[in-house]
Amino acid sequence: LEWSFVSNKIYGPGFTGTVPFLRFVDISTRVDWIEHVQKTNFRKYEKGKTFHNINKDVLGDGIFNQDGHKWYLQRKVTSKIFTAQNFTSIITPAIHKDLEALTALLDHHAQSGTTFDLQDVFFRFTLQSFARIAFESSFFPLFLFHFLWGEGGSKFGIDLKTLGIDSPVIPFAEDRDDEGNPLTPSQLKDAVVNLLIAGRDTTAQALTWSFFRLIKSPSLQAPLIKEAETVLPSFKLPEMDDLKMLKVAQSVVFETLRLHPSIPKNLKQCVEDDQLPGGPRIMKGDFVRWGDWIMGRQPHIWGDDCLEFKPSRWIDEQGNVKNESQWKFHAFNGQPRYCLGFRLATLEMVTILTHLIQRYDLSFAPGWWDNVDKANGIMPHDDDTPLYGASLSLPMKDPFLVRCVLK
């Protein structure tokens, strides 16, 4: 990420790199080029065989690792989880139920005065809640990761049928393909794994970075607390209809994802010669790549204060949340691959933010900030943040150690 950022500053947008049999073009700083690749000429750019083969052990033929008709089928199946009816009857109640367990855990830490890893807590919460939402089971994740993952850690050991996971308890287990055939156990497994990765990692990491920012800058908590106490008195938990009134909470979520996008980088392979508007020619077989992490740090996109964590940038003059173009604010990808779980992630993050910020005073554990590995040695122009881990997503590398006190 840092190398691409610096290279963009040195060589400008559309800089290329070439090694034997491979050429890539970086389009991170050109919003119009990203829209061209992901929307205007969508059919000319695919994940490609290279990406698919590298990630097949984990993602299989799931929605994040497929193109064309196979991708369309996985997206069609997955979209059935995120209906308005499900938000009312399944999704919101599931988040509220698991928040009870999260509250009990943090109450225990508050009463005992113990230090704990908040990132790990969020990983556990999002895994549990997404399993309850998508599979109507609170035990499913334990079985999935204990039994499906092979001993070597690189391949799945058994398929879902062995565990009875292809039963109708999964909402999409009875779906059919275009020829009317039921999904195979392999297709179900791939759909399940891709959903769990999306539902667990991305939201948990975004929550981790949100609370890091709020603890580091306590003055940002006051408007969030005031709004939560007004819209959600007596620790009421938000419903979907409450989101439009929780404008400060949404601004914190979006500002976090601007600087700490859960998927910080991505790429596509060109399958037919193309011309970027006003830019370089892309030949069949070339890779184009972009980094949302880089986009969030561009003054020409976000202003001269782009390195500042500033939730107020998301509130317009009328006091409403700005609806930025999905090509400018690209944390949820762009059409037609726009994130199906956008509303779920927003609701889940706003729910946890508003509840925890009302109930607890959170602080860094003694000595944590002084000793944690930071990114300032890599990005001297950026403000101090903990170093992120090597991953397709953006986790904090070291445990996020905190303490909490009941208000």
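**View 1. The residues around the second largest cavity.** In this predicted model, the second largest cavity is lined by Leu257, Arg258, Pro261, Asp292, Met295, Gly296, Trp302, Lys328, Phe329, His330 and Ala331. A cavity is a set of points on a 1 Å grid over the protein atoms alone where a 1.4 Å probe fits but cannot get out, and lining residues have an atom within 4 Å of a point. Two or more lining residues come from each of the helices α11 (247-259) and α12 (292-295); helices are DSSP runs of H or I with at least four residues. By class, six lining residues are nonpolar, two polar and three charged. The volume is about 60 Å³, taken as the space filled by probe spheres set on the points.

**View 2. The largest nonpolar core.** Meet a group of 91 residues, in which Ile27, Phe211, Ile352, Leu356 and Phe400 touch the most other members. Such a core joins buried Ala, Val, Leu, Ile, Met, Phe, Trp, Tyr and Cys residues through side-chain atoms within 4.5 Å, with buried meaning under 20% relative accessible area (1.4 Å probe, protein chains only).

**View 3. Around Ile352.** Leaving out residues up to four places away in sequence, Ile352 touches Leu99, Leu102, Phe122, Phe125, Leu207, Phe211 and Ile357; a contact has heavy atoms within 4.5 Å.

**Notes.** Residues are numbered from 1 along each chain as its sequence is written. Local features need pLDDT of at least 70 and side-chain atom pairs 80 or more, while totals for chains, interfaces and linings use all residues, and side-chain values use heavy atoms, without hydrogens and water.

Notes. Buried means under 20% relative accessible area, exposed over 50%, partly exposed in between (1.4 Å probe, protein chains only). On a 1 Å grid over the protein atoms alone, a cavity is a set of points where a 1.4 Å probe fits but cannot get out, and a pocket is an open set with protein on both sides within 12 Å along at least five of seven lines; lining residues have an atom within 4 Å of a point. Ala, Val, Leu, Ile, Met, Phe, Trp, Tyr, Cys and Pro count as nonpolar, Asp, Glu, Lys and Arg as charged, and the others, Gly among them, as polar.
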